[in-house]
Amino acid sequence: MEAIYIPQLLKLPDQTETINFEEPVEGLDSLTPVRGIMIISHRGNFLEVSTNVETIMTLVCDRCLKHYNYRLSLKTSEMIWLQNPSTSELNWIPEREIALEDLYESMPINGYFEPSKWLYEQLSLNMPVKQLCSKNCQPPPYQQKPEHSTIDSRWSSLAVIKQKLEQQ
């Protein structure tokens, strides 16, 4: 998906761009292409972006470490505020205090909106935090090491010291 020049949206009917797609999203390892629709609307001082997509991911179970397929469906919308970049934003300061009312997504009013980047971020946020292949998943059985295991010759001097300490 190509980046969209935000002022160009104002020239479209209803100031809305509708994108139907079936393609892989860069950075997202999915088994199938991401399929769906994205609607980007210019609403004066903000962009309204909504999407309805789905794909199938291959995940690794956190408990048993087996690979399993997971259907990732996403239906979401977001408002992205448009503003003229101030001089403080142009001269980025690594540490600064941010007021609570400044905690929102914003873009320059004459910038570009990147649909694939936004979609990647939304899909990543929608991934399950705890990845389990099933409700009844069991961890692999615990295997104890034998007491008399082969010692790497590089550690043999430490093994001798350990034996002396145990004898005392």
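This report covers the fold, strand pairing, salt bridges and surface of a predicted model.

## Overall fold

The protein has four helices and seven strands. Along the sequence they follow the pattern β-α-β-β-β-β-α-β-β-α-α.

Of the 168 residues, 24% are buried. Among contacts with a separation of 6 or more, 61% join residues 24 or more positions apart. The protein exposes about 12,900 Å². Carbon and sulfur atoms supply 51% of that area.

Strand E2 spans residues 16–23, and strand E3 spans residues 34–42. The two pair in the antiparallel sense, over eight bridges. Within this pairing, Ile19 stands opposite Met38 in E3.

Strand E3 also pairs with strand E4, residues 46–60. This pairing is antiparallel too, again with eight bridges. Here Arg35 has Glu54 in E4 as its bridge partner. Three residues lie between the strands in the hairpin of E3 and E4. In that hairpin, Gly44 takes a positive phi near 90°.

## Around Ser41

Ser41 lies in strand E3. Is Ser41 buried or exposed? Its relative accessibility is 4%, under the 20% cut-off, so Ser41 counts as buried.

The side chain of Ser41 makes a polar contact with the side chain of Arg43, at 3.4 Å. Leaving aside residues up to four places away in sequence, Ser41 touches Gln15, Thr16, Phe46, Leu47 and Glu48.

Two residues from this neighbourhood also meet each other. The side chains of Glu48 and Arg43 form a salt bridge, with N to O at 3.1 Å. Arg43 is partly exposed, at 39% relative accessibility. Glu48 is partly exposed as well, with a relative accessible area of 31%.

## Salt bridges across strands

Side chains of opposite charge can pair when their charged atoms come close. How many salt bridges does the model hold? The count comes to three. One of them, Glu48 with Arg43, is described above.

Another joins the side chains of Glu22 and Arg35, at 3.1 Å from N to O. Glu22 lies in strand E2 and Arg35 in strand E3, so this pair ties together parts that are 13 residues apart in sequence. Glu22 counts as exposed, because its relative accessibility is 53%. Arg35, at 34%, counts as partly exposed.

Glu54 forms a salt bridge with Arg71. Their closest N and O atoms are 3.4 Å apart. Glu54 lies in strand E4, and Arg71 in strand E5, residues 67–83. The pair therefore ties together parts that are 17 residues apart in sequence. Glu54 counts as partly exposed, at 34% relative accessibility.

## A nonpolar surface patch

Which residues make the nonpolar surface patch of about 440 Å²? The patch is made by Trp155, Leu158, Ile161 and Leu165.

Leu165 is found in helix H4, residues 156–167. Leu165 has a relative accessibility of 57%, over the 50% cut-off, so this residue counts as exposed.

Note on methods: Residues are numbered from 1 along each chain as its sequence is written. This is a predicted model: local features need pLDDT of at least 70, side-chain atom pairs count only at pLDDT 80 or more; totals for chains, interfaces and linings use all residues. Side-chain values use heavy atoms; hydrogens and water are left out. Two strands pair if DSSP finds at least two bridges between them. Buried means under 20% relative accessible area, exposed over 50%, partly exposed in between (1.4 Å probe, protein chains only). A polar contact is a pair of N or O atoms within 3.5 Å; within protein, one must be able to donate a hydrogen and the other to accept it, and residues adjacent in sequence count only if both atoms are side-chain atoms. Contact means heavy atoms within 4.5 Å. Patches are made of residues with over 30% relative accessible area and no salt bridge: like charges are joined within 9 Å, nonpolar side chains (Val, Leu, Ile, Met, Phe, Trp, Tyr) within 5 Å. Accessible areas come from the Shrake-Rupley method with a 1.4 Å probe; for residues, only the protein chains shown count as cover. A salt bridge is a side-chain nitrogen of Lys or Arg within 4 Å of a carboxyl oxygen of Asp or Glu.
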